[in-house]
Every structure is written in structure tokens, then in C-alpha cells.
Amino acid sequence: MLARILLAREQPGQALALLDRLHAAAAAQDRTGSLIEIGALRALARTASGDEAGAVTTLAGALLLACPQGYVRVFADEGPPMAALLGRLIAAQRTGRAAAEVPLGYLARLQRAFGSGRPARDPVSPGIVDPLTSRELEVLEMLAAGRSNQAIACELVVTLETVKKHVGHVLGKLGAANRTEAVARARELNLL
């Protein structure tokens, strides 16, 4: 709690010193849950002190510990600063600059926990029988923006095959033969 207060008071150096001591104690006692939470806060403290590379590396370490147990809330509860840092980690992994490789499926799950930041829309429309899921709406928006399947896969942190399935579902639900028809139909139905 004190580390969070120090971060809120814009004292990242003091927060990091405290967190480093707590990290050493948790490591000595083999308290994985504490190491994960402390790691998340250390990453935020490094970001606040201007050490972006150290923040990404620290976050990757915490995520590698957290992944086997499926921790999500520990990171999602930290809000927008953690979401931004997670985005930088994903970008670093895509370009091969990340020190450690966190599984993409886990990163996607964390990203979903933060939400898309877009206003919620009701995917139910009188013109379609089977409503679009929130993920299908995301894919539809990217189709409307002219993005390729590969670009969509990179942005959503999913495989190309998953994107192809989503595109197929969008086309089927909108009764469209291709992307252009799907976007036009979605606009008619006020889904975009």
C-alpha cells in the first residue's frame, strides 16, 4: 500500500527502493503471489522514473511468473498505466526487442481484461438473427478501416487462423459475400 501511495505522490524512486526490499523478502520466502504483485508495481515505478526498458523487462518477468496460474486481476486492477505498459511489452515482443517471451494467448487475455476503451454498443440489430460478439465487432471495425488479416492478428494478439474464423463469422452473420459487403451491411444496420 505504501508503494502505491509513493507512486501516487510522484515519488517513484522511494517506491522502487521499498519495492526492491519487499521483492527480496518475498523471493527469500518463495511467495510467488507477492512476487507477482510486487513485480507489477516495480514495473510501474520504473515507468514513472523514466526507465521504459527496465519497466518492460520487469513486467515481462512478473507476467512469466503469473502466466502458469493465470493471474489477471493483479495487473488489470492497476488501470491505464499498466494497460499502456502492457502495450509497450506487446510491441517489444512483436519486434523481437523483448528480453523474455510471454505467451501471446496470456497477453491477449490481459489486454481483454483492460477492455478496448471504446464505448459499448449493442451488437443486436433487427436486421440480423445471430448477434455479433464484442470480438467480432472489433474485427468488423478493423475490416472497415481496411486492415489485412495479418494486421488484425497483430493488433488483437491472435493467430491468423483465429482472425480468418472471426471474419468468416462476421460475413456469415451479416449475410455478406465479402468484406466490402460486410462493411456496407454493417453501416446499414448502424453497427459501425
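This report walks through a predicted model of a protein, from its overall build to its salt bridges, a pocket and a surface patch.

## Ground rules

Because the model is predicted, local features need pLDDT of at least 70 and side-chain atom pairs count only at pLDDT 80 or more, while totals for chains, interfaces and linings use all residues. Residues are numbered from 1 along each chain as its sequence is written, and side-chain values use heavy atoms, with hydrogens and water left out.

## The overall build

Let's start with the big picture. The protein has 11 helices and zero strands, where helices (H or I, at least four residues) and strands (E, at least two) are DSSP runs numbered from the N terminus. Read along the sequence, the pattern is α-α-α-α-α-α-α-α-α-α-α.

The C-alpha atoms fill a box of roughly 60 × 30 × 30 Å, taken along the principal axes. Of the 192 residues, 41% count as buried. Buried means under 20% relative accessible area, exposed means over 50%, and partly exposed is in between (1.4 Å probe, protein chains only).

## Salt bridges

Side chains of opposite charge can pair when their charged atoms come close. Here there are 10 salt bridges, each one a side-chain nitrogen of Lys or Arg within 4 Å of a carboxyl oxygen of Asp or Glu. One of them joins Lys-173 to Glu-136, with the closest N and O atoms 2.7 Å apart. That pair links distant parts of the chain: Lys-173 sits in helix H10 (residues 160-174) and Glu-136 in helix H8 (residues 134-144), 37 residues apart. Lys-173 counts as buried because its relative accessibility is 18%, and Glu-136 is buried too, at 4%.

Two other pairs are Arg-147 with Glu-155, at 3.3 Å between the closest N and O atoms, and Arg-185 with Glu-188, at 3.7 Å. Arg-147 is partly exposed at 32% relative accessibility, and Glu-155 is partly exposed at 33%. Arg-185 and Glu-188 are three residues apart in helix H11 (residues 179-188), so about one helical turn separates them. Arg-185 is partly exposed at 26%, whereas Glu-188 is exposed at 59%. There's also a network of salt bridges linking Arg-4, Glu-37 and Glu-78.

## The second largest pocket

Rolling a probe the size of a water molecule over the atoms shows where empty space is left. On a 1 Å grid over the protein atoms alone, a pocket is an open set of points where a 1.4 Å probe fits, with protein on both sides within 12 Å along at least five of seven lines; lining residues have an atom within 4 Å of a point. The second largest pocket has a volume of about 160 Å³, a volume being the space filled by probe spheres set on the points, which are joined across faces, edges and corners.

Its lining includes Arg-94, Gln-150, Cys-154 and Thr-159. Helix H7 (104-114) and helix H9 (149-156) are the elements that give two or more residues to this lining, and H9 gives the most, with three.

## The start of the chain

Met-1, Leu-2 and Ile-5 make a nonpolar surface patch of about 330 Å². Such patches are made of residues with over 30% relative accessible area and no salt bridge, with nonpolar side chains (Val, Leu, Ile, Met, Phe, Trp, Tyr) joined within 5 Å and like charges within 9 Å. The areas come from the Shrake-Rupley method with a 1.4 Å probe, and for residues only the protein chains shown count as cover. Met-1 lies in the segment before helix H1 (2-8) and is exposed, at 72% relative accessibility.

Leu-6, in helix H1, is buried at 11% relative accessibility. The C-alpha atoms of Leu-6 and Leu-18 are separated by 9.5 Å, and these residues are 12 apart along the chain.
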